[in-house]
Amino acid sequence: MPQLGLLHWRAWTVLLGQLRRPPGAVCIRAVRSHSQVAEALFTSQLKPHQEKSNFIIKTPKGTRDLSPQQMVVREKILDVVVSCFKRHGAKGLDTPAFELKEMLTEKYGEDSGLIYDLQDQGGELLSLRYDLTVPFARYLAMNKVKKMKRYHVGKVWRRESPTIVQGRYREFYQCDFDIAGQFDPMIPDAECLKIMCEILSGLQLGDFLIKINDRRILDGIFAVCGVPESKFHAICSSVDKLDKMSWKDVRHEMVVKKGLAPEVADRIGDYVQCHGGISLVEQMFQDPRLSQNKQALEGLGDLKLLFEYLTLFGVAEKVSFDLSLARGLDYYTGVIYEAVLLQTPVHAEEEPLNVGSVAAGGRYDGLVGMFDPKGHRVPCVGLSIGVERIFSIVEQRMKIFGEKIRTTETQVFVATPQKNFLQERLKLIAELWDAGIKAELMYKNNPKLLPQLHYCENMGIPLVVIIGEQELKEGIIKLRSVASREEVAIKRENLVAEIQKRLSES
C-alpha cells in the first residue's frame with residue numbers, strides 16, 4: 001500500500017467503508033488511484049471551510065440588534081406606553097407571529113404586497129403578521145367576543161424597502177390599544193385620542209399635532225367630485241401620500257397612473273388641501289356639494305361631537321381636522337387619526353428628525369365581520385404607537401447630550417478586601433437576594449478591592465457592602481455609598497433593613 005499522510009489515510013478508510021457496501025453503492029471503475037480518491041475526499045471536506053471565509057456576519061436587511069443600552073431606552077418607552085394603556089383599563093393580549101395567509105389577504109389594500117409569505121409547512125399557507133389589528137379582529141370573531149378593551153405589544157413584519165434613518169424597519173414592534181364593542185358615538189374614539197396625547201406628552205418628544213379625518217367624509221368628497229366608486233380605494237391611497245409628496249405629484253399619480261379625469265382630480269384638490277379646527281367642520285357642513293352627501297354628513301356630525309368630547313378632555317388644541325389625511329389601509333370605516341411631531345426641536349443643539357407619524361389609528365367597524373361566518377359586526381376603534389420612530393428620536397437626543405445609561409438595575413455590590421472570603425460573600429449575597437434586593441458580586445475567589453469599587457462606579461451601582469476579617473469578628477458589615485465614598489458600620493442583623501431604607505429614600 002502506498003504511503004499516505006494522516007488526512008489521506010482517513011480518506012482511504014472512508015473509501016474502504018464505501019467498497020464494503022453492496023454492489024452499486026460505489027463505482028469502482030471511477031477510482032483511478034488511491035491518492036486521487038484521498039485528494040478528492042480531502043478537497044470536498046475543505047470546501048465548506050473555504051466558503052465560510054467569504055461569509056459576512058450581518059443582520060438581515062431591515063432588522064437590527066439592540067445593545068443593552070438601547071434595550072434600557074426601549075423598555076423605558078414601553079413602560080410609559082403600557083402604563084398609560086393599563087391606566088385606561090386595557091387587558092393584555094397576544095396572538096401568533098404568523099397567521100393563515102387567507103386571514104391577512106384583502107385587508108390592507110395596496111400594502112398587501114408587503115406581507116411576508118412563508119413556505120408551505122404541513123399543508124397550511126401562512127404569512128407573518130403585518131400589524132396587530134387584523135389578528136385582534138380574528139381573535140374577537142373566533143372567540144365570539146363582543147366587548148373588549150385590550151393592549152398588545154408585539155413584533156410585526158413588512159417586506160418593504162427599509163429607511164433606517166427614519167426609524168423604518170422590516171421587523172419592528174407595535175404597541176396597540178383597541179376598544180371593541182357597541183357604544184354611544186365618539187366616546188371610545190375620544191378616549192383613544194386622549195391616550196395618544198398622554199403618551200406623547202409623557203415621552204417628552206416636544207410639540208405634536210394629531211390630524212383627524214373620517215373615511216366617510218373622504219368617500220363623500222370622492223363621490224361629489226365624480227370619482228367612480230370602483231376607484232375610491234385607489235384614489236384614497238394616493239391622497240394618503242400627501243404627507244410625503246406635493247399635491248402636484250399626487251395629482252399626477254391620480255391622473256396618469258390611476259386614470260382619473262384631470263377635472264375630477266382638481267375638484268378633489270380643492271378639498272384635500274384644507275385643514276383647521278371645529279370651524280372647518282362647520283364650514284364643510286355648509287359646502288354646497290358635500291352637504292348633499294349622506295355619508296359625508298354622518299362623518300361631519302361625528303367629528304363635531306368628537307371635538308366636544310376632546311374639549312372636555314382638555315386636548316382639543318392638539319387636534320386638527322385635516323382633509324388630506326387618508327390612512328391607506330382598507331379596513332378603516334370612520335374616524336381616522338395620525339400624530340406627527342412638529343419640526344421644532346426640544347433643544348437648540350438638536351437637528352429636526354423627519355420620522356413621519358409617531359402614532360396613528362382609527363375606527364374599523366367592519367373588520368371583525370369579515371372573519372365571522374354569519375357576518376356579525378363588532379364595532380372597533382384603536383391606536384398604534386410607533387415605538388421604532390420614537391426610539392430613533394430619543395436615541396438621537398442621547399447622542400447629542402452624551403447621556404450615560406445604566407444597563408443593569410443592581411442596587412448593591414458585595415465586596416471584600418481580603419482573600420478566602422468567597423463563602424462569606426455568597427452567604428451575604430443570598431441574604432440580599434432573598435430580601436428582594438438586586439445584588440451582584442465578582443466571580444473570583446480572591447478579588448482585589450479596587451477593581452470591585454471601580455466596577456461599581458462604572459456600572460452606577462449605588463451601594464457596596466464590604467466584609468472582611470475585622471467585620472466578621474465584630475459582627476458588622478461596612479456599607480459604602482459609591483457616590484460620596486462614605487462608609488458606615490452596620491450590625492449584620494440590621495443590614496437588610498438599612499439597605500432597604502436607603503434605597504427607598506433615593
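Colleague: Which residues of helix 8 meet which ones in helix 9?
Modeller: In this predicted model, I235, S238 and V239 of helix 8 meet V250, E253 and M254 of helix 9, where contact means heavy atoms within 4.5 Å and helices are DSSP runs of H or I with at least four residues, strands being E runs of at least two, numbered from the N terminus. Side-chain values use heavy atoms, with hydrogens and water left out, and residues are numbered from 1 along each chain as its sequence is written. Local features need pLDDT of at least 70, side-chain atom pairs count only at pLDDT 80 or more, and totals for chains, interfaces and linings use all residues.

Colleague: At what angle do helix 8 and helix 9 pack?
Modeller: Helix 8 (residues 232–239) and helix 9 (residues 247–257) pack at about 160°, their axes 9 Å apart, with axes fitted to C-alpha atoms over the stretch in contact and angles running from 0 to 180 degrees between N-to-C directions. That makes helix 8 roughly antiparallel to helix 9, a label for angles over 145 degrees.

Colleague: Switching topic, what is the strand order in the open sheet?
Modeller: Nine strands run in the order 1-4-5-11-10-9-6-8-7, with mixed pairing; two strands pair if DSSP finds at least two bridges between them. Strand 1 (91–92) and strand 7 (275–276) stand at the edges with a single partner strand each, so one side of each has no neighbour in the sheet.

Colleague: And how do strand 4 and strand 5 pair?
Modeller: Strand 4 (residues 148–157) and strand 5 (residues 171–180) pair in the antiparallel sense over ten bridges, and V156 stands opposite F172 in strand 5.

How values were computed. Angles under 35 degrees count as roughly parallel, over 145 as roughly antiparallel, 65 to 115 as roughly perpendicular and the rest as oblique.
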